[in-house]
Amino acid sequence: FPVTIAPDRTRTAQNSVKFTGTDNPRHLRAIAALLKRPISRQELDSVAGAANSPELVAELRRRGLPIECERITFIDRDGLKCRPGVYHFTQACRRAFWDWKKQGGAQ
């Protein structure tokens, strides 16, 4: 399948990020997955145990993690072109998370 990755211009990373933390198990599972690699919306639903990972990502963004979403061009099983989103952590996300962790977050 040919895959083209283009940035989703509706989401922009903040320059200075202060993650306020979380103890929500779904958030923590999503963060663990995103620290490893980019992940599709469907896979994030499964990994995090959520039925609506876009809202889960929105919650993490509101807490200070500027998670990016890139839209890829994909051919689905019916041969139709679609544009699913793939979430990934920016360097700012990683720094914000590890800064929070160093301060004793989610022991």
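The model is predicted, so local features are taken only at pLDDT of at least 70 and side-chain atom pairs only at pLDDT 80 or more, while totals for chains, interfaces and linings use all residues. Residues are numbered from 1 along each chain as its sequence is written, and side-chain values use heavy atoms, with hydrogens and water left out.

I will start with the core. A nonpolar core here is a set of buried Ala, Val, Leu, Ile, Met, Phe, Trp, Tyr and Cys residues joined through side-chain atoms within 4.5 Å. Buried means under 20% relative accessible area, exposed means over 50%, and partly exposed lies in between, with a 1.4 Å probe and protein chains only. The largest nonpolar core has 21 residues, and those touching the most other members are Phe19, Ile31, Leu65, Ile67, Tyr87 and Phe89. Two or more residues come from each of α1 (25-36), α2 (41-48), α3 (53-62) and α4 (91-102). Helices are DSSP runs of H or I with at least four residues, strands are runs of E with at least two, and both are numbered from the N terminus. As background, nonpolar side chains in soluble globular proteins tend to be buried together.

Take Tyr87 from that list. Contact means heavy atoms within 4.5 Å. Beyond its neighbours within four places in sequence, Tyr87 has contacts that include Leu34, Pro38, Ile39, Leu44, Val57 and Ile67. Arg41, Arg61 and Glu68 are also among them.

Next, the strands. Two strands count as paired if DSSP finds at least two bridges between them. Strand β3 (residues 68-75) pairs with β5 in the antiparallel sense, over 4 bridges. Within β5, Gly85 stands opposite Arg71. β3 is also joined to strand β4 (residues 81-82) by 2 bridges, again antiparallel, and there Ile75 has Lys81 as its bridge partner. β3 and β4 make a hairpin with 5 residues between them, and Gly79 in the turn has a positive phi of about 80°.

Now the charged pairs. How many salt bridges does a search of the whole structure find? It finds 3, a salt bridge being a side-chain nitrogen of Lys or Arg within 4 Å of a carboxyl oxygen of Asp or Glu. One joins Arg37 and Glu43, at 2.4 Å from N to O. Arg37 is partly exposed at 40% relative accessibility, and Glu43 is partly exposed at 30%.

Another joins Asp45 to Arg41, with the closest N and O atoms 3.2 Å apart. These two lie 4 residues apart in helix α2, which means they are separated by about one helical turn. Asp45 is buried, at 15% relative accessible area, whereas Arg41 is partly exposed at 29%.

Arg62 and Glu55 also meet through their side chains, at 2.7 Å from N to O. Arg62 is exposed, at 58%, and Glu55 is partly exposed, at 33%.

Last, Thr90 and the cysteines. Thr90 sits in the loop between β5 (85-88) and α4 and is buried, with 13% relative accessible area. The Thr90 side chain reaches the backbone nitrogen of Cys93 at 3.0 Å. Cys93 is itself buried, at 0% relative accessibility, whereas Cys82 is partly exposed at 25%. The structure holds 0 disulfides, a disulfide being a pair of cysteine sulfur atoms within 2.5 Å.

Technical notes. Polar contact = N/O pair within 3.5 Å; in protein donor to acceptor, adjacent residues only side chain to side chain.
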